[in-house]
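Dear colleague,

I am handing over the structure below, and my notes on what was found in it follow directly after.

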2 protein chains.
Amino acid sequence: MATRTDAPTRREQILKEAARLFAERGFHGVGVDEIGAAVGISGPGLYRHFTGKDAMLAELLVGISGQLLTGAKWRVQEADGVPGEQVLDSLIEGHIDFALDDRPLITLHDRELDRLRDTDRKLVRQLQRQYVELWVGVVREVYPALSEPTARSAVHSVFGLLNSTPHLGRAGSLPGRGATAELLHRMARGAFAAAE
Amino acid sequence: MATRTDAPTRREQILKEAARLFAERGFHGVGVDEIGAAVGISGPGLYRHFTGKDAMLAELLVGISGQLLTGAKWRVQEADGVPGEQVLDSLIEGHIDFALDDRPLITLHDRELDRLRDTDRKLVRQLQRQYVELWVGVVREVYPALSEPTARSAVHSVFGLLNSTPHLGRAGSLPGRGATAELLHRMARGAFAAAE
DNA sequence: CCTTCAGGTTAACGACCGCTAACCAGTCTG
DNA sequence: CAGACTGGTTAGCGGTCGTTAACCTGAAGG
């Protein structure tokens, strides 16, 4: 895992703060002045980095969907000949890492999609669909008794389970990141097993 | 189950349409004129029934939380001496019914809470907390090996799973209400079992 | 029949918000 | 050192939105 060590660019600062604010109060509930203030500049200064408020949301959502899909593709590709069980575990682990490390993005991901311009929304939907279908394939390999529609429903439901992290205590009440990840992982596997 | 047969009042019409619109485009994304139009009257006419836009959201959220809690209390109370397994099944069934029948409300329930006035928000939070603790008690009875914090995390996660219904195909692709309910039920039980 | 009132209407106000315009400071670069 | 570019600033415009004001209509009631 290659970790960034160099300082974040201004663009990245803005995106991070915008994600947090959008997740907290909704896209329409946050003004450009607030986003600017969060990174130490004032409202219209943002327009040196983005063409508009919509563009920030679009970049965030496309980025999330793309990142998830890329990671998942990599995990599946890399595991050639490996038993399906382990591939599924790898997918689950990747999704959990994401849900735990980027809570605001997970929140935005299924909440503000309809605020996008048509072209962006279609792109995000397509990326999401690919991600789901990738999971469906692996799940059906591990649990062959599942029909395709059932598997798809099960995958969506497990996403709901894994994406519940924002509701798990405001960072502090939960018993450590590792334990939480492990719990979510076990529950996800249990849910799939019971779906069959 | 007592089913209403009389015509809905205007207030109820408004609440229903407002819930749908808020769920679709977010609280700030919907104008009062739109809500009015959805029930055949025009914008300011709404103020004959509600003191403001906020009041509609407040009534919706308090209503949901109260309804969920009341139903759950009833289910637990009524089952005295019944094995915990069946009580848990009853809670799950109730939550699924709600998630399947009132999708917009389920969506609002954890999305627009922060748009409420302080006093209303505290009330809703308290109702939600009671609901969660009620589940935690029953879950720990069935799975005694679960610590309280773990059980609470597990309950939140299962809520995430059950509340995923809005993401399951736009009503039509899923294989019938009964089958979906059954699948969700099995997955929820499987998730709890695996949490232990 | 006159009054009252519930439940609408349209007009308009004030606040806010996204965005543009115009300007400016610092820092490279030929 | 002149010029250009980067990344800011403040002022302000235009549109939208929640809410209020003022008015209207039809039905109920004594």
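Chain A has 196 residues and a radius of gyration of 18 Å, which agrees with the value near 16 Å that a compact globule would have; the radius is taken over C-alpha atoms, and the globule rule is 2.2 Å times the number of residues to the power 0.38. This is a predicted model, in which local features need pLDDT of at least 70 and side-chain atom pairs count only at pLDDT 80 or more, while totals for chains, interfaces and linings use all residues. Residues are numbered from 1 along each chain as its sequence is written, chains are lettered from A and ligands numbered from 1 in the order in which they are written, and side-chain values use heavy atoms, with hydrogens and water left out.

Along its principal axes, the C-alpha trace of chain A spans about 55 × 40 × 30 Å. The secondary structure of chain A comes to eight helices and zero strands, where helices (H or I, at least four residues) and strands (E, at least two) are DSSP runs numbered from the N terminus. Of the 196 residues, 50% count as buried, that is, under 20% relative accessible area with a 1.4 Å probe, protein chains only.

Among contacts (heavy atoms within 4.5 Å) in chain A between residues at least 6 apart in sequence, 69% join residues at least 24 apart.

The lining of the second largest pocket takes its largest share, ten residues, from helix 3 of chain A. A pocket here is an open set of points on a 1 Å grid over the protein atoms alone, where a 1.4 Å probe fits, with protein on both sides within 12 Å along at least five of seven lines, and lining residues have an atom within 4 Å of a point.

Best wishes
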